[in-house]
Amino acid sequence: MYEYRAPRRELSFVLHEVLEVERVLANLGRSEVNRALIDEIIEESAKFSETVLSPLNWQGDREPPRCVDGVVTVPAAFKSAYTQYCRDGWPTMGGPAAYGGQALPSLAHVPVGELLCSAAMAWRMASGLSEGAVLALARHGSDELKNAYLPKLVSGEWASTMCLTEPQAGTDLAILKTRAEPAADGRFRVTGTKIYISWGEHDLTENIIHLVLARLPDAPAGVKGISLFLVPKRLDGQPNGVHCRSIEHKMGIHGSPTCVMQFEQATGFLIDKPGGGLACMFTMMNQARLGVGLQGLGLSERALQAATQYAFERLQGRASKGALQPDKNADPIMVHADVRRMLMTIKAQTEAQRLLVYYTYLLEDTLTLSTDAAAREGAALLATLLVPIVKAELTDAAFEHASLALQVHGGSGFIRDTGVEQYVRDARITMIYEGTNGIQALDLLGRKVLMNGGAAVQLMIQTIQHSVATDVPAVVQPWVASLAKALAEWAELTALVGGRVRQDPEELGAVAVDYLKYASCLLLGWCWIRMGSVAARHLAAGESEAPYYQAKLAAGAFYFERLWPKRLALAAGIRAGGATLPRLSAEQWSA
Ligand SMILES: Cc1cc2nc3c(=O)[nH]c(=O)nc-3n(C[C@H](O)[C@H](O)[C@H](O)COP(=O)(O)OP(=O)(O)OC[C@H]3O[C@@H](n4cnc5c(N)ncnc54)[C@H](O)[C@@H]3O)c2cc1C
């Protein structure tokens, strides 16, 4: 079982040395959120994550929440950690000031989310869902609803859920059936079954505020007929027709109760206007998709730490150039190039992904805080493009990284006691919920790229070109040259796919995943150019920590030599297109 160490140095590198958040936030009018404050937040949350939360990861996996007669009980340590989390004010960080929040910019409080996800992702999901609900309610709720619910949601005294999925309606929300009937008192009576609801019922808080998608009686068919309702578990201190029928037995995130929820004439309050449900929910889902990307990053970091530690401890075989530790009967497996290949793959991808996700949050902060309309517009365009990429790329990678970490452990990785197999099981769901990664790819290509005529891609390409145009250290220049060619190819592929989709809409689904992965590969290459440039400048200046910066350049070089070429196969797949996916008959599939 591994201890978790918060990656303080990595966060400092990305936030302060690469993104220069202190300067960025000062330009956005938040100079009081300076480097010292951000570091203090990271340090305090690191202590909480390492000492209180990390041990719960394993415990939640072994002793999952139980459901008896609709009452869900979580491990006692989950409850005490949550009480401490609220008492210390962590849930309030991003909440609106008018309702008791600290209204900190994302760049100051999102790193806390990364650490919580690494330490105990299943536990973290409870508070993460509430943060999304606060955002949706603050943006779309009436003053009456905000006054009644936001203070307790912001403080963490009450928790929240997202209730979208039904037995027959998962990806396809257009066919959801839950009904909301208007009542004489101006409220609504909500009836229906929601499945797979994370933290749908539990005893962490005395009340749970469900955000439920449902249809009004006269609503049109399809997504335009979906409205959003706030349905409390308890209303005015009384039960409100919301029941947990059961909790699922599942592959991973055992610590998070996944509930079948029954709403029986439960009193609900309409949020925003009738038919506006999906738009409201998208506020929450966008946030949640970035949050799931952060879960992926957290899991990748934890997998990297476990695999690295094991590779230095486990003695097997000898280094091919002669014994490294002749006094022992074998060398640590780190001497084997294939083990280093696995570790370097995790390191090179995870470090670039960390920059990508915080860059996206920087755009979110620009969008919220900037007084410059053009800057806000540009940030919105880029952030919208990056959300599905962050969600899919970081979660696909988390599963790959957890699996590689297990492989580094050999047979012991497959045995429960090391704890690494839990990372693999926990990582798998992140590729599915908040919209499967296939759906993220369709969203990227169909809505974010082609619907606005490729404008977002063009702006992304210009932004990248501008950032690497000057002052690039010599060691990084070959990477820049290769990126320049790839950017031209990205524009060309976008035009090619756009033209094909106009002829045949099925082309979209045929190439969307390859397109997303291609874009991810380019963006991670850009991240390595930015990180490599900073590292090279530090080394040239002869500052301390040379080994740290040399390792950065080594990981960047690994990325460009070993991982960057994957884009060529992806480009070939995109060019080949839908012709490679014929509709074989049932007989042909079973022959
Ligand atoms: C542990 C867990 C926790 C969850 N938490 C929540 C929660 O808190 N709240 C909530 O509302 N839901 C939750 N979900 C539900 C989750 O969001 C859905 O499972 C997910 O959106 C996929 O829906 P589905 O399972 O019905 O799969 P389906 O929609 O049946 O999809 C099956 C496959 O078909 C593909 N597919 C479907 N439609 C298309 C299409 N149009 N084009 C291309 N491919 C398509 C999918 O990508 C997938 O590979 C949770 C699920 C799990 C397992």
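Trainee: Hi! Which classes of residue make up the shell around the ligand?
Mentor: Hello! By class, that shell has ten nonpolar, nine polar and one charged residues. Keep in mind that this is a predicted model.

Trainee: Thanks. Which of the 20 residues around the ligand come nearest?
Mentor: Those are Leu164, Gly170, Thr171, Ser198 and Thr436. Two or more residues of the shell are given by each of strand 3 (159–163), strand 5 (188–198) and helix 12 (437–450).

Trainee: Let me follow Ser198. What is its bridge partner in strand 11?
Mentor: Ser198 pairs with Thr258 there. Strand 5 and strand 11 run antiparallel, and eight bridges join them.

Trainee: Which other strands are joined to strand 11 by bridges?
Mentor: Strand 7 (residues 226–232) is joined to strand 11 by three bridges, and strand 10 (residues 242–247) by five. Both run antiparallel to strand 11. For landmarks, look at Leu230, whose bridge partner in strand 11 is Phe269, and at Val242, which stands opposite Phe263.

Trainee: Is strand 11 mostly covered or mostly open?
Mentor: Mostly covered: of the 14 residues in strand 11 (residues 258–271), ten are buried.

Trainee: On to the core, then. Which members of the largest nonpolar core touch the most others?
Mentor: Phe229, Ala307, Ala402, Ala405 and Tyr515 do, in a core of 186 residues. Helix 15 (residues 506–540) supplies the largest share of this core, with 20 residues. As a general point, nonpolar side chains tend to be buried together in soluble globular proteins.

Trainee: What is Phe229 in contact with, leaving aside neighbours within four places in sequence?
Mentor: Its contacts are Ala180, Phe188, Val190, Val212, Ala214, Gly268, Phe269, Leu270 and Ile271.

Trainee: Changing topic: how is the chain divided into domains?
Mentor: Domain 1 covers 8–63 + 80–139 + 148–153, domain 2 covers 156–277, and domain 3 covers 452–578. Taken over C-alpha atoms, the centres of domain 1 and domain 3 are 30 Å apart.

Trainee: I've clicked on Ala288. Where is it found, and is it buried or exposed?
Mentor: Ala288 is found in helix 7 (residues 277–313). It counts as buried because 25 other C-beta atoms lie within 10 Å.

Trainee: What does Ala288 touch beyond four places away in sequence?
Mentor: It touches Gly132, Met162 and Glu434. Ala133 is 155 residues from Ala288 in sequence, with 9.6 Å between their C-alpha atoms.

Trainee: And Arg341, is that buried or exposed?
Mentor: Exposed, because it has 12 other C-beta atoms within 10 Å and the cut-off for exposed is 12 or fewer. Arg341 is found in helix 8 (residues 337–369). Its C-alpha atom is 9.3 Å from that of Arg562, which is 221 residues away along the chain.

Trainee: Last one: what phi values do Glu20 and Ile253 have?
Mentor: Both are positive, although neither is a glycine: about 50° for Glu20 and about 35° for Ile253.

Trainee: Where do Glu20 and Ile253 lie?
Mentor: Glu20 lies in the loop between helix 1 (8–18) and helix 2 (21–27), while Ile253 lies in the loop between strand 10 and strand 11.

Trainee: Why does Glu20 count as partly exposed and Ile253 as buried?
Mentor: Glu20 has 15 C-beta neighbours inside 10 Å, so it counts as partly exposed. Ile253 is buried because 25 other C-beta atoms lie within 10 Å.

Notes: Residues are numbered from 1 along each chain as its sequence is written. This is a predicted model: local features need pLDDT of at least 70, side-chain atom pairs count only at pLDDT 80 or more; totals for chains, interfaces and linings use all residues. A residue is near a molecule or strand if its C-beta atom, placed from the backbone, lies within 6 Å of it. Helices (H or I, at least four residues) and strands (E, at least two) are DSSP runs, numbered from the N terminus. Ala, Val, Leu, Ile, Met, Phe, Trp, Tyr, Cys and Pro count as nonpolar, Asp, Glu, Lys and Arg as charged, and the others, Gly among them, as polar. A nonpolar core is a set of buried Ala, Val, Leu, Ile, Met, Phe, Trp, Tyr and Cys residues joined through C-beta atoms within 7 Å. A residue is buried if 20 or more other C-beta atoms lie within 10 Å of its own, exposed if 12 or fewer, and partly exposed in between; C-beta atoms are placed from the backbone. Two residues are in contact if their C-beta atoms, placed from the backbone, lie within 7 Å. Domain bounds come from an automatic or database domain assignment. Two strands pair if DSSP finds at least two bridges between them.
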